[in-house]
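User: I would like to learn how to read the features of a structure like this one. Please take them one at a time, with the general idea before the case.

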Amino acid sequence: MTTPVSSQTTPRQRRPAPTFKARLAFLMFLGFLIFLFWALPVVVVGMNAFKSGAEYFASTVWSLPTRNHLLENIRVVWANGVSGGFVNSLIYGSVSSVLAIILGSFAAFSVTRLRLKGHFAWFMLIYAGTIFPAQMFLIPLYKAFLSTGLYDTRLGMILFYTAYCIPFCTFMMRAFFAGVAWEIQEAAKLDGCGNWRLFWQIMIPMARAPLLVLVLFQFTAVWNDLLFGLILSKSDSVRPMMTTLAGLSGTYSSITAPTLITAALMSSTPTLLLFIFLQRYFIQGLQVGGAGE
């Protein structure tokens with residue numbers, strides 16, 4: 001004899017959905033944790049830049065400085081070769097990024113708007129420079145620089161950084177130009193606008209946001225380079241900032257830890273200022289640059 005199954009089942013109790021205020025509080029708490037995770041190392045580094053060498057070794061990294069030695073640390077760092085690396089990286093970052101953006105924009109406009117035969121193959125030929133790891137180019141690049149006299153020269157560093165940045169600039173500007181409506185180009189052609197005027201007077205003013213984002217990206221990439229600065233330069237008058245900074249931390253260096261921390265803070269200042277000045281174009285440039293993909 002089987003037991004009859006009751007037709008009335010107990011309804012599952014559903015948890016109440018979190019309110020808007022609860023979700024907002026959770027997101028704010030999560031944002032605070034992310035900010036704390038990012039800001040804490042920066043605060044510790046900045047705090048130790050104010051200490052002297054003796055005070056740094058007599059205390060912990062978490063202890064507050066008792067006196068302000070920041071200006072003294074800056075003077076010592078500046079006198080130990082950082083001034084040359086700082087100026088060199090400013091020149092390399094500014095000149096190379098502008099040249100790469102101009103040449104990359106020319107290439108992107110050509111393969112996107114001029115309907116060249118085999119335009120995608122031309123683009124892939126340019127973009128192939130970013131596909132392979134940079135370590136593959138070190139030995140042939142070093143030998144080429146030695147044979148052409150470009151080794152340990154500012155001209156050689158500018159030429160290399162410009163060539164290094166062109167593929168990414170072409171990629172970003174190609175995405176922008178592909179998203180521009182063809183009606184704009186056809187209307188300009190009907191008004192007698194040539195390709196040169198179309199590029200400079202119509203396309204470039206429309207590309208202000210992605211161009212400024214590219215300045216930020218390429219300047220930061222050149223500024224933070226260490227590998228090619230070590231390979232392609234050796235003198236203090238040519239070496240970029242990161243290579244100079246690495247030299248300060250050598251085994252036989254007399255630079256103290258707070259002085260080295262001060263140099264690291266100084267090295268991050270230009271890219272930080274550039275981001276602050278261009279931050280309102282950052283998201284807009286990324287959205288516009290990716291719209292054509």
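Analyst: Start with a charged residue: Asp 225 is buried but has no salt bridge, and the nearest side chain of opposite charge, Arg 239, is 10 Å away. Buried means under 20% relative accessible area, exposed over 50%, and partly exposed in between (1.4 Å probe, protein chains only). A salt bridge is a side-chain nitrogen of Lys or Arg within 4 Å of a carboxyl oxygen of Asp or Glu. Lys and Arg count as positive and Asp and Glu as negative, while His and the chain ends are not counted. This is a predicted model, in which local features need pLDDT of at least 70, side-chain atom pairs count only at pLDDT 80 or more, and totals for chains, interfaces and linings use all residues. Residues are numbered from 1 along each chain as its sequence is written, and side-chain values use heavy atoms, with hydrogens and water left out.

User: With which side chain does the side chain of Asp 225 make a polar contact?

Analyst: A polar contact is a pair of N or O atoms within 3.5 Å; within protein, one must be able to donate a hydrogen and the other to accept it, and residues adjacent in sequence count only if both atoms are side-chain atoms. Here the partner is the side chain of Tyr 161, at 2.5 Å. The Asp 225 side chain also reaches the backbone nitrogen of Phe 228, at 3.4 Å. Leaving out residues up to four places away in sequence, Asp 225 touches Tyr 161 and Met 242, where contact means heavy atoms within 4.5 Å.

User: Where in the secondary structure is Asp 225 found?

Analyst: Helices (H or I, at least four residues) and strands (E, at least two) are DSSP runs, numbered from the N terminus. Asp 225 sits in the loop between α9 (208–223) and α10 (227–232). The protein as a whole has 12 helices and zero strands.

User: How many disulfides does the count come to?

Analyst: A disulfide is a covalent bond between the sulfur atoms of two cysteines. The cut-off used is a pair of cysteine sulfur atoms within 2.5 Å. The count comes to zero. Cys 165 is in no disulfide, and the nearest cysteine sulfur, that of Cys 169, is 6.0 Å away. Both residues are buried: Cys 165 has a relative accessible area of 1% and Cys 169 one of 0%.

User: Which residue has a C-alpha atom 6.1 Å from that of Gly 53?

Analyst: That residue is Pro 258, which is 205 residues apart from Gly 53 along the chain. Gly 53 lies in helix α2 (residues 53–58) and counts as buried at 17% relative accessibility. Beyond residues up to four places away in sequence, Gly 53 touches Thr 256 and Pro 258. For the protein, residues 24 or more positions apart account for 73% of the contacts with a separation of 6 or more.

User: Which residues does UniProt list for "transmembrane region"?

Analyst: UniProt positions follow the numbering used here, feature names are shortened, and annotations may be inferred rather than shown by experiment. The unreviewed entry lists residues 24–47, 90–108, 120–138, 158–182, 211–232 and 252–278. In the model, residues 24–47 are 100% helix and 0% strand, with end C-alpha atoms 33 Å apart. Residues 120–138 are 47% helix and 0% strand, with end C-alpha atoms 28 Å apart.
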